[in-house]
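I opened the model to look at how the chains are built and where they touch. My entries follow.

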Amino acid sequence: MLTCKDMTTEAHALLDGDLGPMARIRIRFHLLLCKYCRRYVRQLALTLNVLEKNPALDEQTPTESEIDAVVEQLKLLNKTDK
Amino acid sequence: MSEPNNKFDDEAVLILGLLAQDETAYRFAVKTHHGSMLYLARRIVGDKIADEVVQEAWLSVMKALPRFEGRSKLKSWILTIVSNEAKNRLRKEKRYVSLDAMTDDMGEDTSSINERFGKNEHWTEPPGDWRADSPDALLSGTELSSCLDQAIRELPALQEATLCLKEKQGYSLNEICNILDISDSNVRVLLHRARNKIFTIIDHFQLTGECCTQTDT
């Protein structure tokens with residue numbers, strides 16, 4: 001029998017689509033009985049959507065001068081290889 | 001406005017262009033991948049030498065490209081090279097410990113989610129009922145948004161890198177294992193801890209209207 005504490009691990013696997021049919025049934029059964037875990041899973045899913053949109057996790061687009069510098073290095077590599 | 005389609009959006013065309021030493025292919029590849037390479041290198045070796053590591057990684061990418069077999073996406077393969085270059089650099093500077101070992105120190109669970117259960121492992125302090133049901137509604141005020149920015153910056157580096165690779169860049173857990181060369185179970189631990197930390201910060205904010213990061217904003 002799953003506990004609510006177990007759910008804080010299993011919920012991640014559920015949302016990642018990473019569980020087999022039996023594990024999904026065990027989780028669905030627990031969720032049927034536990035409103036707090038239903039809330040946890042729903043709000044964890046919302047958290048993941050927030051993270052997907054959060055610019056703090058965005059990588060920086062390189063500037064034109066950064067691109068120029070790397071491209072020049074790559075061209076130099078070709079010359080030295082010849 | 002989105003950029004018009006570029007022929008190099010097709011990975012096979014890009015690879016052919018790079019192998020033919022086509023400068024426009026170089027520029028496209030650098031513009032597309034340099035940012036994520038730098039992001040990852042910074043999380044492994046720190047800001048100071050990340051630029052050098054990425055420069056080295058680009059040279060390794062070009063040298064190894066003729067042997068690229070296409071068993072993974074090009075981007076994933078490039079990030080694996082960055083991760084290896086970064087670890088080599090740490091090794092040279094005798095700062096190297098395997099990333100698996102780093103998860104012991106850097107993956108500390110700061111979410112406090114495990115303290116919210118009784119002896120029977122059922123909720124004693126359940127999550128609050130958030131008033132918002134969409135990311136836009138949740139982030140409608142600037143306060144939570146800046147609180148989350150702060151929280152993400154305060155995550156241990158490997159937790160942040162794993163979170164970014166999974167939630168932002170959409171890599172599978174298996175791809176993240178390969179990129180960082182850490183075990184499946186450690187990737188899960190890093191990811192769960194990072195997600196739960198962000199979850200508890202949103203939960204606290206919804207309940208109190210206050211930010212509970214280490215450096216409150």
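I started at one helix pair: A:L48, A:L51 and A:E52 in helix 3 of chain A meet B:L163, B:E167 and B:K168 in helix 8 of chain B. Contact here is two C-beta atoms, placed from the backbone, within 7 Å. Helices are DSSP runs of H or I with at least four residues, strands are E runs of at least two, and both are numbered from the N terminus.

I sorted the residues of this contact into three nonpolar, no polar and three charged. Nonpolar covers Ala, Val, Leu, Ile, Met, Phe, Trp, Tyr, Cys and Pro, charged covers Asp, Glu, Lys and Arg, and the others, Gly among them, are polar.

I noted that the model is predicted: local features need pLDDT of at least 70 and side-chain atom pairs 80 or more, while totals for chains, interfaces and linings use all residues. Residues are numbered from 1 along each chain as its sequence is written, with chains lettered from A and ligands numbered from 1 in the order written.

I then looked up the axes, which are lines fitted to C-alpha atoms over the stretch in contact, with angles from 0 to 180 degrees between N-to-C directions. Those of helix 3 (residues 35-53) of chain A and helix 8 (residues 157-168) of chain B come within 9 Å and cross at roughly 95 degrees.

For the whole contact I found 43 residues from chain B and 36 residues from chain A. Helix 2 of chain B gives the largest share of the chain B side, 10 residues. That side divides into 25 nonpolar, eight polar and 10 charged.

Last, I checked chain A and found four helices and zero strands. Its C-alpha atoms fill a box of roughly 70 × 30 × 15 Å along the principal axes.
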